[in-house]
Amino acid sequence: MDYCSSCGGRVTLRIPQGDSRPRHVCTQCGMIHYQNPNMVVGAVCVWEDRILLARRAIAPREGFWTIPAGFLENGESTADGALREVFEEAGARAEIERLLAVYDIPEIHQVQIFYLARMTRPEISAGIESLEVGLFTWDEIPWTDLAFPTVKAILKDWQRLHQGDAVSRRDFWRPKPPEPERKPELVPETESPPAQA
């Protein structure tokens, strides 16, 4: 981040007063720009013995299969967001049955929350973000063409649930090598942001 979204001033990375982490702070208005993880929500949707998958029409991983999922919008619950993604990507109507899994993926700044949902009818249709959609038995799932590691993981968690082992949380990350330590600029306690005209 180079510029403040509030006033357009330059930002610097420093630890603000009363904080313990480096933040992007505007040098003009003093606004602190917090950057927090993105929430991804989705659902493993089931109709009888089949699982709903959508083939992506957008990057990243265009042309690969996924379960309906996407970023949570402001003002919606995680369950509502998951059902919205199901309808937007696959034209499917479903009802949430339970939380299936939560994956922490700090290396890409995401928390992914997946539900188990039962489709209320078998009709599906590809949305604008999907090339095609389909209902697959376990043996029909295109395992070599799945879009992301978490898609394979959530499908296997669904299978484990049906074998009697519930999975509710998993750390889904690879350790990063340590970064060289650098000390961010500290904001002196007496410093205050410049007054705005």
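The legends below walk through close-up views of a predicted model.

**A note before the views.** Because this is a predicted model, local features need pLDDT of at least 70 and side-chain atom pairs count only at pLDDT 80 or more, while totals for chains, interfaces and linings use all residues. Residues are numbered from 1 along each chain as its sequence is written, and side-chain values use heavy atoms, with hydrogens and water left out.

**View 1. The whole chain, to get your bearings.** The chain has 2 helices and 12 strands; helices (H or I, at least four residues) and strands (E, at least two) are DSSP runs, numbered from the N terminus. Read from the N terminus on, the elements run β-β-β-β-β-β-β-α-β-β-β-α-β-β. Of the 197 residues in the chain, 39% are buried, where buried means under 20% relative accessible area, exposed over 50%, and partly exposed in between (1.4 Å probe, protein chains only). Among contacts with a separation of 6 or more, 60% are between residues 24 or more positions apart; a contact means heavy atoms within 4.5 Å.

**View 2. Helix α1 and what covers it.** Helix α1 spans residues 78–90, so look for 13 residues reaching 18 Å from the first C-alpha to the last. That is close to the 18 Å expected at 1.5 Å a residue, the expected span being 1.5 Å times one less than the number of residues. The buried residues of α1 are Ala79, Gly81, Ala82, Arg84, Glu85, Val86, Glu89 and Ala90. An α-helix has 3.6 residues a turn, so residues three or four places apart point the same way. The cover over the buried residues of α1 includes β4 (38–47), β5 (50–56), β7 (69–71), β8 (94–105), β9 (110–119) and β10 (130–136). Just after α1, glycine 91 has a positive phi of about 60°.

**View 3. Strand β5 and its partners.** Strand β5 is mostly covered, with 5 of its 7 residues buried. Two strands pair if DSSP finds at least two bridges between them. Strands β4 and β5 run antiparallel and are joined by 2 bridges, with tryptophan 47 having arginine 50 in β5 as its bridge partner. These two strands form a hairpin with 2 residues between them, and glutamate 48 in the turn has a positive phi of about 55°. Strands β5 and β10 also run antiparallel, joined by 6 bridges; here leucine 53 stands opposite glycine 134 in β10. Finally, 2 bridges join β5 to β6, again antiparallel, and arginine 55 stands opposite tryptophan 65 in β6.

View 4. The structure holds 4 aromatic pairs: rings of Phe, Tyr and Trp (its six-membered ring) pair if their centres lie within 6.5 Å, and planes under 30 degrees apart count as stacked, over 60 as edge-to-face and the rest as tilted. Tryptophan 65 and phenylalanine 136 have ring centres 5.1 Å apart and planes at 80°, so this pair is edge-to-face. Tryptophan 65 lies in β6 (residues 65–66) and phenylalanine 136 in β10, so the pair ties together parts that are 71 residues apart in sequence. Both tryptophan 65 and phenylalanine 136 are buried. Elsewhere, Trp138, Trp143 and Trp158 form one aromatic cluster. A charge sits over a ring if NZ of Lys or CZ of Arg is within 6 Å of the ring centre and within 35 degrees of the ring normal. Look for lysine 156, whose charged end sits over the ring of tryptophan 143, 5.5 Å from its centre, and for arginine 93, over the face of phenylalanine 87 at 3.9 Å from the ring centre.

**View 5. Helix α2 and the largest nonpolar core.** A nonpolar core is a set of buried Ala, Val, Leu, Ile, Met, Phe, Trp, Tyr and Cys residues joined through side-chain atoms within 4.5 Å. The largest one has 23 residues, and those with the most contacts inside it are Val44, Ile67, Tyr103, Ile141, Ile154, Leu155 and Trp158. The elements giving two or more residues to this core are β4, β5, β8, β9 and α2 (149–162), with α2 giving the most, 6 residues. Not counting residues up to four places away in sequence, isoleucine 154 touches Val44, Ile67, Leu100, Ala101, Tyr103 and Phe114. Another core lies apart from this one, with 18 residues, among them Ala43, Ala54, Ala92 and Met119.
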